[in-house]
Amino acid sequence: MKQGLGTQLRHLIELLDGAVQDAYAEAGLDYRPRYTPVMRALAGGQPHTVSQIAEAAGITQPAATQTVALMVKEGWLEAQASPTDARQKLLVLSPQGKRLLPKLQACWRATAAAADDLDAELPHPLSDTLARAIDALAQRPFSERIRQAKE
């Protein structure tokens, strides 16, 4: 039986995230792969709002909000009041986040090299295929494609 697209994607994410999670554990880091886009957005040292993090990371605002809340709770980030707008919180790396950033960056380099290796083994690089799929869905959402398939 052929697996559906969603099932295949979930399985692929399990395989990738599981291996990345193991690499973090081997490096002595108690860290989740989902934190990486947020850490990368803040690695330059500039405070960001959740909206700025979401935009820089290429994730939705709800996803950024949930991830940031976990990261603050686990001590990776700190929230501070904005000097210009008291309703806004600015997020920065905590001392723990700053201290562990070099170890994380080493893991990111290894992960990028492993992704390049995987791309080289495939007839079409997975990263290119995923980028094209995301672009195609931005042009014509999957929900529209489903509606058209029902007609």
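In the predicted model, Arg140 is partly exposed, with a relative accessible area of 31%. The residue is located in the loop that joins α6 (126-139) to α7 (142-150). Apart from neighbours within four places in sequence, Arg140 contacts Arg145 and Gln148. With Gln148 there is a polar contact between the two side chains, at 2.4 Å. Thr84 lies 56 residues from Arg140 along the chain, and the C-alpha atoms of these two residues are 39 Å apart.

Thr67, a residue of helix α4 (residues 61-73), has a relative accessibility of 4% and therefore counts as buried, the limit being under 20%. A polar atom of the Thr67 side chain is placed 2.9 Å from the backbone oxygen of Ala63. When residues up to four places away in sequence are set aside, Thr67 touches Arg34, Tyr35 and Val38.

Helix α4 also packs against helix α3 (residues 50-57). Two packed helices are described by the angle between their axes and by the distance between the axes. For α3 and α4 the angle is about 115° and the axes are 9 Å apart. The two helices are therefore roughly perpendicular to each other, and their crossing is right-handed. On the α3 side the contact is formed by Val50, Ser51, Ile53 and Ala54, and on the α4 side by Gln61, Ala64, Thr65 and Val68. Sorted by class, the residues in this contact comprise five nonpolar and three polar ones, with no charged residues.

Note on methods: Residues numbered from 1 in each chain as written. Predicted model: local features only at pLDDT ≥ 70, side-chain atom pairs only at ≥ 80, totals over all residues. Heavy atoms only, no water. Helix = DSSP H or I, 4+ residues; strand = E, 2+ residues; numbered from the N terminus. Buried < 20%, exposed > 50% of the residue type's maximum accessible area, 1.4 Å probe, protein only. Polar contact = N/O pair within 3.5 Å; in protein donor to acceptor, adjacent residues only side chain to side chain. Contact = heavy atoms within 4.5 Å. Axes fitted to C-alpha atoms, helices over the stretch in contact; angles between N-to-C directions. Parallel < 35°, antiparallel > 145°, perpendicular 65-115°, else oblique. Left-handed = near helix turned anticlockwise from the far one by under 90°. Nonpolar A, V, L, I, M, F, W, Y, C, P; charged D, E, K, R; others polar.
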